[in-house]
Amino acid sequence: VVETLSALGYLAVVAYVLVTFQNRYLAKYHYLIILLLMFAMRELDFDKRFTELGILKSKFLVSEQVPLMQKIIGGMVLLLLVYVVALVIYKHFKPLLMQVFHPKAHTIGIYLGMFSIVFSKSLDGLQRKLQGFGFEVDNWLTQNASLIEEAVELFIPLFFFLAFWFYKRETANVSTSRHR
């Protein structure tokens with residue numbers, strides 16, 4: 001249920017962006033829409049639902065278990081993901097880094113969304129990860145890490161929605177002040 005709600009959250013953000021910003025935003029920032037759709041599909045386990053092995057697994061493209069057609073389609077999806085992530089880094093890393101000490105409201109939403117992604121992914125398989133370094137994990141944390149991870153993942157689309165919402169307000173304020 002929680003993963004479905006997270007996916008619906010991403011789809012709601014995409015719908016908000018498409019309705020609010022319409023074609024001008026889609027043409028300029030199409031890769032952000034694709035990324036949000038990929039997040040939604042990941043929450044719905046599309047990365048492993050249609051293939052023998054999840055496409056995000058490191059051995060997906062070289063495994064003999066995976067049929068050639070699945071490798072081709074999965075490889076194209078992975079290329080699209082690399083393209084989108086490369087564009088996000090190329091176009092937004094430096095501006096986001098420059099605003100760390102004086103962020104705009106929409107930037108804070110982006111930072112919180114990114115932090116939530118990193119934090120939730122660090123909780124995923126926490127016991128396995130820490131045992132690799134020789135750490136023992138408290139039983140309570142082991143039992144509840146996945147629940148906490150899913151709860152944190154609910155906030156990711158919310159933070160991205162707030163980022164777009166604040167961006168809309170900021171750009172509206174800029175265009176209003178220019179026309180005075």
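Student: How many helices and strands does the chain have?
Tutor: The chain has 7 helices and 0 strands. Keep in mind that this is a predicted model.

Student: What order do the elements run in from the N terminus?
Tutor: They read α-α-α-α-α-α-α.

Student: OK, dimensions. What box do the C-alpha atoms fill?
Tutor: Roughly 65 × 45 × 30 Å, along the principal axes.

Student: And what share of the residues is buried?
Tutor: Buried residues are 32% of the 180 in the chain.

Student: Switching to charges. How many positive and negative side chains are there?
Tutor: There are 18 positive and 13 negative side chains. The centres of the two sets lie 16 Å apart.

Student: Which residues form a positive surface patch?
Tutor: Lys57, Lys59, Arg128 and Lys129 form one.

Student: Where's Arg128, and is it buried or exposed?
Tutor: Arg128 sits in helix 6, residues 126-131. Its relative accessibility is 58%, so Arg128 counts as exposed.

Student: Now Asp47. Which helix?
Tutor: Asp47 belongs to helix 3, which covers residues 46-49.

Student: Why does Asp47 count as buried?
Tutor: Because its relative accessibility is 9%, and buried means under 20%.

Student: What does Asp47 touch, leaving out residues up to four places away in sequence?
Tutor: Asp47 touches Met41, Arg42, Leu53, Gly54, Ile55 and Leu56.

Student: Last one. Among contacts with a separation of 6 or more, what share comes from residues 24 or more positions apart?
Tutor: Those account for 62% in this chain.

Conventions. Residues numbered from 1 in each chain as written. Predicted model: local features only at pLDDT ≥ 70, side-chain atom pairs only at ≥ 80, totals over all residues. Heavy atoms only, no water. Patch = residues over 30% accessible without salt bridge, like charges linked within 9 Å, V, L, I, M, F, W, Y side chains within 5 Å. Areas by Shrake-Rupley, 256 points an atom, 1.4 Å probe, with all protein chains shown as cover. Salt bridge = Lys/Arg side-chain N within 4 Å of Asp/Glu carboxyl O. Lys, Arg positive; Asp, Glu negative; His and termini not counted. Charge placed at Lys NZ, Arg CZ, Asp CG, Glu CD. Helix = DSSP H or I, 4+ residues; strand = E, 2+ residues; numbered from the N terminus. Buried < 20%, exposed > 50% of the residue type's maximum accessible area, 1.4 Å probe, protein only. Contact = heavy atoms within 4.5 Å.
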